[in-house]
Amino acid sequence: MRVIGIESSCDETAVAIYDGDRGLLSHRLHSQVAMHQAYGGIVPELASRDHVRRLLPLVREALADAASGRESIDGVAYTAGPGLIGALLVGAGFARSLAYAWDRPAVGVHHLEGHLLAPLLEANPPAFPFLALLVSGGHTQLVDVAGLGRYRILGESLDDAAGEAFDKTAKLLGLPYPGGAALAQLAERGRGGQFAFPRPMLDRPGLEFSFSGLKTAALVALRGRVLDEQTRADVARAFQEAVVATLVEKSRRALLITGHRRLVVAGGVGANLALREQLRALGRDSGAELYFPRPEFCTDNGAMIALAGCLRLQAGMPYASAVSARATWELGTDLTTGV
Ligand code: KG4
Ligand code: ZN
């Protein structure tokens, strides 16, 4: 079974080819970051238009890289949600047209399912069941993963996602969009103990997160100060420490509650080195096995969508027959009905 995967939910256009026997054959990606940077954030209409321009060339390149003719493709997988609706519709319409022309099935994949399966692209993949910590720009969730398509959300952010908090705080620190990785770099030069940021939701039981207060804490910390390089780095470090401590502690609780022995970390913030290091320590303390995708598969990519589509088709799972895209779509619910 060989599947081509198409990702266009946000500001990356990505195409990849995954083979059930041979693994990942090719993956191509075009980032729109430079285009949106002038506006300080994503402009949805520009994102949609750029996906239109990029998809076909990327498909040609991915097929050429994989030395795979289109006749050897058994299915087309595409991100059906959640995400920017215009961007999703471009990918969904394109993927279904391709599938129609090639007389192959088209499978709509949940973007977060793609993220949480991404560690299966690596050499030592996790077996089901496992606990997943999903930390992206739009979502922060702890998910009980019983098997393919069997997901139960244990806790999520009540307001900003972790990546969103990174991006907003980065903006306050004068870093260009998307600031997550840049803030992490700045934090490396920060001194500990200069600022005390709150650890949101740690004083309460449960697995919910809240990150919107942290950017306010950053704003207060910066107020009335000379914004020299060292102060900015100190604030970045205090902010990152607060986010990481919260994510790690909630993951520790979720491992305890579920009894899972495997923890999968995925989504853009999963590329954060401080988070990876602290989660490794959690793994050592709790005896849980830790699984990360390589950093380029933490952030949005086509490989995770091709993989998810391939596993779904191999398992004979049902897929919708119409062009389907949903801006909001809860993980574990049906694409067409949302329940
Ligand atoms: O998963 P992703 O590529 O897109 C969504 O599905 O949202 O995640 C993007 C998010 C952005 O907020 C970005 O700033 C953040 O991941 N991010 C990071 C790092 N690399 C990307 N945040 C913290 N540290 C990083 N190294
Ligand atoms: Zn994502």
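Select Val323, which is partly exposed, with a relative accessible area of 49% (buried means under 20%, exposed over 50%, partly exposed in between, with a 1.4 Å probe and protein chains only). This is a predicted model, in which local features need pLDDT of at least 70 and side-chain atom pairs count only at pLDDT 80 or more, while totals for chains, interfaces and linings use all residues. Residues are numbered from 1 along each chain as its sequence is written, chains are lettered from A and ligands numbered from 1 in the order in which they are written, and side-chain values use heavy atoms, with hydrogens and water left out.

Next, select the zinc ion (ligand 2), which is coordinated by His111 (NE2), His115 (NE2) and Asp300 (OD) at 2.0 to 2.1 Å; donors are N, O and S atoms within 2.8 Å of the metal (3.2 Å for Na, K and Ca), and water is not among the atoms, so sites may look incomplete. Along the chain, the donors of this zinc ion follow the spacing H-x3-H-x184-D. Both His111 and Asp300 are buried.

Now move to Asp160 and Lys168, whose side chains meet in a salt bridge (3.2 Å, N to O), the term standing for a side-chain nitrogen of Lys or Arg within 4 Å of a carboxyl oxygen of Asp or Glu. Asp160 is buried at 8% relative accessible area, whereas Lys168 is partly exposed at 31%.

Finally, select Arg152 and Asp144, which form a salt bridge with their closest N and O atoms 3.2 Å apart. Arg152 counts as partly exposed at 48% relative accessibility, and Asp144 as buried at 13%.
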